[in-house]
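Please walk through this fold with me, from its sheet to its surface. Keep the sequence and the 3D view at hand.

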Amino acid sequence: MSSSFYHTELSRALSEQAFGLARFDVYRGSSPHEATASVTLLEGRTIRITLTARGYQVRIAFLDGDQIFESIEGLLQAVSAAYEGRRREALFSRLQSLS
């Protein structure tokens, strides 16, 4: 897989979750097999997320070491209570529009 795959995939994943983020910027990683994003959470904290073949990785002091997640949603739920609240609101809104 090329570096453009990781960059495109990380950009797409974060764009889909933009409702629960203050902002994000995606960069090509230090190797052709990764992409990195600077993500500002709704709480105002900025974290760095890296996407590799292993998954989504975040380095945060309150998590034990480097955590790897299979989905961007799981990662964001683990690091941001405000994201989880916005995600629930978006889900309820979509469900209400179906009824």
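Buried means under 20% relative accessible area, exposed means over 50%, and partly exposed lies in between. At 17% relative accessibility, Glu84 therefore counts as buried. Keep those limits in mind, and note that this is a predicted model.

Start with the sheet. It is open and has 5 strands, in the order E1-E2-E3-E4-E5. The pairing is antiparallel. Which strands stand at the edges? They are E1 and strand E5, residues 66-69. Each has a single partner strand, so one side of each is left without a neighbour in the sheet. From one strand to the next, the twist averages 25 degrees.

Now take E2 and E3. Strand E2 spans residues 35-41, and strand E3 spans residues 46-52. The two run antiparallel, and 6 bridges join them. They form a hairpin with 4 residues between them. Gly44 sits in that turn and has a positive phi of about 100 degrees.

Is Val39 buried or exposed? Its relative accessible area is 0%, so Val39 is buried. Phe24 is 15 residues away along the chain, yet the C-alpha atoms of Val39 and Phe24 are separated by 4.3 Å.

E3 itself is mostly covered, with 5 of its 7 residues buried. Strand E4 covers residues 55-59. How many bridges join E3 to E4? There are 4, and these strands too run antiparallel. Thr52 stands opposite Gly55 in E4.

Next come the aromatic rings. A pair of aromatic rings is described by the distance of the centres and the angle of the planes. The structure holds 2 aromatic pairs. In the pair of Phe5 and Tyr6, the ring centres are 5.2 Å apart and the planes stand at 80 degrees, so the pair is edge-to-face. Phe5 is partly exposed, because its relative accessibility is 37%. Tyr6 has 4% and so counts as buried.

Phe19 and Tyr83 form a stacked aromatic pair. Their centres are 5.9 Å apart, with 25 degrees between the planes. Where do the two residues lie? Phe19 is in the loop between helix H1 (3-16) and strand E1 (21-28), while Tyr83 is in helix H3. The pair therefore ties together parts that are 64 residues apart in sequence. Phe19 is partly exposed, with a relative accessible area of 28%. Tyr83 is buried, at 0%.

Turn to the charges. A search of the whole structure finds 5 salt bridges. One of them is in helix H1, where the side chains of Arg12 and Glu16 meet. The N to O distance is 2.6 Å. Why can this pair be described by a helical turn? Arg12 and Glu16 are 4 residues apart in H1, so about one helical turn separates them. Arg12 is partly exposed at 37% relative accessibility. Glu16 is also partly exposed, with a relative accessible area of 45%. The network of salt bridges here links Glu9, Arg12 and Glu16.

Arg88 is partly exposed, with a relative accessible area of 41%. Glu84 is the residue that counts as buried at 17%.

Another salt bridge joins the side chains of Asp25 and Arg23, at 2.4 Å from N to O. Asp25 has a relative accessible area of 27% and is partly exposed. Arg23 is partly exposed too, at 47%.

Finish at the surface. Leu91, Phe92, Leu95 and Leu98 form a nonpolar patch there. Together they have about 430 Å² of accessible area. Leu98 is found in helix H3, which spans residues 81-98. Is Leu98 buried or exposed? Its relative accessibility is 72%, so Leu98 counts as exposed.

Notes:
Residues numbered from 1 in each chain as written. Predicted model: local features only at pLDDT ≥ 70, side-chain atom pairs only at ≥ 80, totals over all residues. Heavy atoms only, no water. Patch = residues over 30% accessible without salt bridge, like charges linked within 9 Å, V, L, I, M, F, W, Y side chains within 5 Å. Areas by Shrake-Rupley, 256 points an atom, 1.4 Å probe, with all protein chains shown as cover. Salt bridge = Lys/Arg side-chain N within 4 Å of Asp/Glu carboxyl O. Buried < 20%, exposed > 50% of the residue type's maximum accessible area, 1.4 Å probe, protein only. Phe/Tyr/Trp six-rings, centres within 6.5 Å; stacked < 30°, edge-to-face > 60°. Pairing = 2+ DSSP bridges. Axes fitted to C-alpha atoms, helices over the stretch in contact; angles between N-to-C directions.
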